[in-house]
Amino acid sequence: MCINTRNGIELIDLSSVVYLKADGNYTEFITTDGKSKTHLSSLAYFEEEITALYDRSGDVSPFFRLSRSYLVNTDYVQSVNLCTQMLGFFPDAVKPLVLSKRLLKSLQTVVYDKYQKPCGK
């Protein structure tokens, strides 16, 4: 993904993005190494751009809009725990998110469908 910056452009490898977090008119990209980069555009803007990129390539986007604040890459979801209200990720460098049960239930359904249905269960 190519992002315009003040000084030029920056390329972001979407396959290394674990999730995006909205912060007003800014969006924070959290990557597999646990680092974050902030860019001046809304989460809705990046969601549209990411969807368009995957549509053009013919692939299904692994990104799921979890809430007004989060766009999660389901490829990195390790656990959805409704009791502790925690969303865990595969790279240990990425800290788990604490979210509402309602949000976690919607993500749980998406992840279940993604990984269980292709197996014939």
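Helix H2 has 15 residues, and its first and last C-alpha atoms lie 21 Å apart, close to the 21 Å expected at 1.5 Å a residue. The model is predicted. The points below begin with this helix and then turn to other parts of the chain.

**Helix H2**

- The buried residues in H2 are Leu103, Leu104, Leu107 and Val111.
- Viewed down the axis of H2, these buried residues fall within an arc of 90°, so they line one face of the helix.
- An α-helix has 3.6 residues a turn, so residues three or four places apart point the same way.
- Strand S6 (63-65), strand S8 (77-81) and strand S9 are what the buried residues of H2 pack against.

**Nonpolar cores**

- The largest nonpolar core is made up of 17 residues, and Tyr19, Leu66, Val72, Leu87 and Phe89 have the most contacts inside it.
- Two or more residues of this core come from each of S3, strand S7 (70-73), strand S9 (86-89) and helix H2 (101-115).
- H2 gives the largest share of this core, 4 residues.
- Another core, of 13 residues, lies apart from this one, and its members include Met1, Ile3, Phe29 and Leu43.
- In soluble globular proteins, nonpolar side chains tend to be buried together.
- Leaving out residues up to four places away in sequence, leucine 87 touches Leu66, Val72, Val77, Ser79, Val80, Pro96, Leu97, Leu99, Leu104 and Leu107.

**Strand pairs and hairpins**

- Strand S1 (residues 2-5) and strand S2 (residues 8-11) run antiparallel and are joined by 4 bridges.
- Threonine 5 is opposite glycine 8 in S2, and the hairpin from S1 to S2 passes through 2 residues.
- Strand S3 (residues 17-23) pairs with strand S4 (residues 26-31) in the antiparallel sense, over 6 bridges.
- Aspartate 23 has tyrosine 26 in S4 as its bridge partner.
- The hairpin of S3 and S4 has 2 residues between the strands, and glycine 24 in the turn has a positive phi of about 65°.
- S4 is also joined to strand S5 (residues 36-40) by 5 bridges, and these two strands run antiparallel.
- Isoleucine 30 is opposite serine 36 in S5.
- There are 4 residues between the strands in the hairpin of S4 and S5, where glycine 34 takes a positive phi near 85°.

**Phenylalanine 90**

- Phenylalanine 90 sits in the loop between S9 and strand S10 (97-98).
- Phenylalanine 90 and glycine 8 are 82 residues apart along the chain, and their C-alpha atoms are separated by 32 Å.

**Cysteines**

- How many disulfides does the model have? The count is 0 disulfides, where a disulfide requires a pair of cysteine sulfur atoms within 2.5 Å.
- Cysteine 2 has a relative accessible area of 47%, so it is partly exposed.
- Cysteine 83 has a relative accessible area of 72%, so it is exposed, as the class begins over 50%.

Note on methods. Residues numbered from 1 in each chain as written. Predicted model: local features only at pLDDT ≥ 70, side-chain atom pairs only at ≥ 80, totals over all residues. Heavy atoms only, no water. Buried < 20%, exposed > 50% of the residue type's maximum accessible area, 1.4 Å probe, protein only. Pairing = 2+ DSSP bridges. Core = buried A, V, L, I, M, F, W, Y, C linked by side-chain atoms within 4.5 Å. Contact = heavy atoms within 4.5 Å. Expected span 1.5 Å × (residues − 1). Arc of directions from axis to C-beta.
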